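Keep the structure open next to the text.

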Amino acid sequence: MRVSFLYYEDCPSHDLALERLREVMAEESILGEVEVIKVETEEQARELRFVGSPTIRVDGQDIDPPSDPRYALTCRAYRLEDDRISPLPSEDMIRRALRSPAKSQPG
Amino acid sequence: MANLKPGDKAIPFVLPGVDDRRHALENYADKEAVAVIFTCNHCPYARAWEDRLIGIQADYASHGVQLVAINANDAKKYPDDSFLRMKERSEKKGFNFPYLYDESQEIARAYGAERTPEIFLFDKGGTLRYHGTVDDNYEDPAAVKAHYLREALEEVLAGREPSTAKTTPVGCTIKWK
């Protein structure tokens, strides 16, 4: 399993998001390093199909693919299970993607 | 870094609102407190705090408090922050405060605002009493321990200096042209 974490420095919570990802991986006994990618330019965002910070991919697939992807250096809005908007994916969102990577869609 | 610190006077502005009227800061001179909030449509931090700001306005309107939201983001790069989308968002969310468009970004630059959301709370005399973030938990309203803006409002309304006059604004960077 390949887990990637893409982030944009100006979005404040990427450290917390990465920590959350690593914690969930540990809980799920998923070994291996997270590929951490810092996205620094608009061109890089387009090349990497980066829809916002933080983006987590499991085997190349976004854990929460947006319906209308736009590639930009921006913060990303996740809609949580209780319909709240959050700058971070929830632990459950991450956990579901790690348990069932095939059900995600290409990021 | 903000160009204003607690104790400084508010910087005047006149900006168009989503109600198609022009809003001048001086229009709110009769208010007991005015919170100028730099925010936008697209930023998840701004969106996460929106309902709480609506709640604060509802709770404190009868006490003479006025929130005034300003979007200064570059809508060419971030189309979700266009004036049209501001109108849509205001209507959809039922904003109970003015939502103004700083298209030239002049006001955001004058205030030295850097993030969305970023709060500048002024007392009746137009003196800055609190600058910073809404509270200490953008992700979970139920987990908030420090209600910075609410507490500052209570103290300003009581004629006291806020015990916390400054916090670090948390949110997306303002998208400059």
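Let's start in chain B, where strand S7 (residues 118-123) and S8(B) run antiparallel and are joined by four bridges. Strands and helices here are DSSP runs numbered from the N terminus, with at least four residues (H or I) for a helix and at least two (E) for a strand. Two strands count as paired if DSSP finds at least two bridges between them.

Before going on, a word on what you're looking at. This is a predicted model, in which local features need pLDDT of at least 70 and side-chain atom pairs count only at pLDDT 80 or more, while totals for chains, interfaces and linings use all residues. Residues are numbered from 1 along each chain as its sequence is written, and chains are lettered from A and ligands numbered from 1 in the order in which they are written.

**The sheet in chain B**

S7(B) and S8(B) belong to an open sheet of five strands, ordered S5-S4-S3-S7-S8, with mixed pairing. At the edges stand strand S5 (99-101) and strand S8 (128-132) of chain B; each has a single partner strand, so one side of each is left without a neighbour in the sheet. On average, neighbouring strands are turned by 20° against each other, direction ignored.

Two helices pack on this sheet. Helix H1 (residues 44-60) of chain B touches strand S3 (33-39) and strand S4 (65-71), and its direction makes about 155° with that of S4(B). Helix H4 (residues 148-157) of chain B touches S3, S4, S7 and S8, and its direction makes about 5° with that of S7(B). For these angles, axes are lines fitted to C-alpha atoms (for helices over the stretch in contact), and values run from 0 to 180 degrees between N-to-C directions. Contact means that the C-beta atoms of two residues, placed from the backbone, lie within 7 Å.

**A look at Phe13(B)**

Phe13(B) sits in the segment before strand S1 (14-16) of chain B. Is Phe13(B) buried or partly exposed? It counts as partly exposed, with 19 C-beta neighbours inside 10 Å. The cut-offs are 20 or more other C-beta atoms within 10 Å for buried, 12 or fewer for exposed, and anything in between for partly exposed, with C-beta atoms placed from the backbone. Setting aside neighbours within four places in sequence, Phe13(B) is in contact with Leu25(B) and Ile107(B).

Chain B has four helices and nine strands, in the pattern β-β-β-α-β-α-β-α-β-β-β-α-β. Its radius of gyration is close to what the globule rule gives for 177 residues, so chain B is as compact as a globular protein of that length. Chain A has three helices and seven strands, running β-α-β-α-β-β-β-β-α-β from the N terminus on. Chain A's radius of gyration is likewise close to the globule-rule value for 107 residues, so it is as compact as a globular protein of that length. The radius is taken over C-alpha atoms, and the rule is 2.2 Å times the number of residues to the power 0.38.

| Chain | Radius of gyration | Globule rule | C-alpha span | Buried residues |
|---|---|---|---|---|
| Chain A | 13 Å | 13 Å | about 35 × 30 × 25 Å | 37% of 107 residues |
| Chain B | 15 Å | 16 Å | about 40 × 35 × 30 Å | 45% of 177 residues |

Among contacts in chain A between residues at least 6 apart in sequence, 71% join residues at least 24 apart. For chain B, residues 24 or more positions apart account for 75% of the contacts with a separation of 6 or more.

**Inside chain A**

In helix H3 (residues 91-99) of chain A, the buried residues are Met93(A), Ile94(A), Ala97(A) and Leu98(A). Seen down the axis of H3(A), they fall within an arc of 130° (taken from the directions from the helix axis to the C-beta atoms), so they line one face of the helix. Asp92(A) and Arg99(A), on the other side of H3(A), are exposed. The buried residues of H3(A) pack against helix H1 (14-27), strand S3 (55-58) and strand S5 (78-79) of chain A.

Asp62(A), in strand S4 (residues 61-62) of chain A, is buried, with 20 other C-beta atoms within 10 Å.

**Where the chains meet**

The contact takes eleven residues from chain A and eleven residues from chain B.
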